[in-house]
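Student: I would like a close look at one part of this protein, the sheet. Please take me through the strands, how they pair, and the salt bridges and loop contacts around them.

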Amino acid sequence: MSVKKTLAALALTIAVPVAALASEGADRLARILEPLETYEARFEQLILDASGERLQQANGRMWLSRPGKFRWEVDAPYQQEVVSGGNEVYLYDPDLEQVTVQELDQRVTHTPALLLSGRTGELTESYEVSHQQQGDNETFRLVPKSNDTLFEELQMTFRGQQLAALQMTDSTGQQTVIEFSDVRMNHDLDDGRFAFQIPDGADVIRDTH
């Protein structure tokens, strides 16, 4: 999974039935996410191979306003913008001068960066969720119920109920690790942040139904 394909994460080991763990984890994740309305942060993104060797690194900034509004900007060396105002998703690659437009449907929201802006119920219904807590840190392990995803496992780590990191693992064992900093939550965000203007001269590819 390359930086350009990434748009933005440990099960409990105590002797409790798996079904109970899944229910407890989903309920706890829902309680944390339900009050989240807006989120803004800087991030550092690392791509690691199956042995843990670093392949790529990038930095950027993200904004979200739930439900459905999202902006993800990756800085150099792999610039990219992913923007959704709630109906469509725009993926802009400045190097290629290309914009891909997709519907904000269930398939698209399975990408890690966009699922955070979705409705909490949809998230917990789409994944098997388990939960582990160590001090102020809580980690949720999400395994997709559908095969139509870009990853096989997602871990979301919260520090004091604030999203601190995401870690994704794909079918090859490659990992994408995203750590957040300078976090602001539930503050006013201008809706213009989530409106994408197609640059003059850019090629537009519409991947819609």
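Tutor: Start with the inventory: the protein has 3 helices and 12 strands. Both are DSSP runs numbered from the N terminus, helices being H or I with at least four residues and strands E with at least two. This is a predicted model, in which local features need pLDDT of at least 70 and side-chain atom pairs count only at pLDDT 80 or more, while totals for chains, interfaces and linings use all residues. Residues are numbered from 1 along each chain as its sequence is written, and side-chain values use heavy atoms, with hydrogens and water left out.

Now the sheet. 12 strands form an open sheet with mixed pairing, in the order β7-β8-β9-β10-β11-β1-β2-β3-β4-β5-β6-β12. Two strands pair if DSSP finds at least two bridges between them. The edge strands, β7 (127-134) and β12, each pair on one side only. From one strand to the next, the twist averages 20°. The angles are taken between N-to-C directions of axes, on a scale from 0 to 180 degrees, and the axes are lines fitted to C-alpha atoms.

Take β1 (residues 38-48) next. It pairs with β11 in the antiparallel sense, over 9 bridges. L48 stands opposite Q175 in β11.

Then β4 (residues 80-85). 5 of its 6 residues are buried, so this strand is largely enclosed by the rest of the structure. Buried means under 20% relative accessible area, exposed over 50%, and partly exposed in between, with a 1.4 Å probe and protein chains only. Buried residues make up 50% of the 209 residues in the protein. On one pairing, β4 runs antiparallel to β3 (residues 69-74), with 6 bridges. There, Q80 in β4 is the bridge partner of V74. On another, β4 runs antiparallel to β5 (residues 88-93), joined by 4 bridges. V82 stands opposite L91 in β5. β4 and β5 form a hairpin with 2 residues between them, and G86 in the turn has a positive phi of about 120°.

Next, the charged pairs. A search of the whole structure finds 8 salt bridges. The criterion is a side-chain nitrogen of Lys or Arg within 4 Å of a carboxyl oxygen of Asp or Glu. One of them joins the side chains of E73 and R71 at 2.7 Å, N to O. Salt bridges with shared partners join R71, E73 and E81 into one network. R71 is buried, at a relative accessible area of 11%. E73 is partly exposed, at 23%.

K69 forms a salt bridge with D191, the closest N and O atoms being 3.2 Å apart. K69 lies in β3 and D191 in the loop between β11 and β12, so the pair ties together parts that are 122 residues apart in sequence. K69 counts as partly exposed, at 24% relative accessibility. D191 is partly exposed too, at 46%.

A further pair is E138 with R28, at 2.7 Å, N to O. E138 is in β8 (residues 137-144) and R28 in helix α1 (residues 18-33), 110 residues apart. Both are buried.

Finally, the loop itself. L189 lies between β11 (175-185) and β12 (203-207). L189 counts as buried, at 18% relative accessibility. Leaving aside neighbours within four places in sequence, L189 is in contact with T38, Y39, E40, W63, L64 and F194. Contact means heavy atoms within 4.5 Å. The C-alpha atoms of L189 and E40 are separated by 9.0 Å, and the two residues are 149 apart along the chain.
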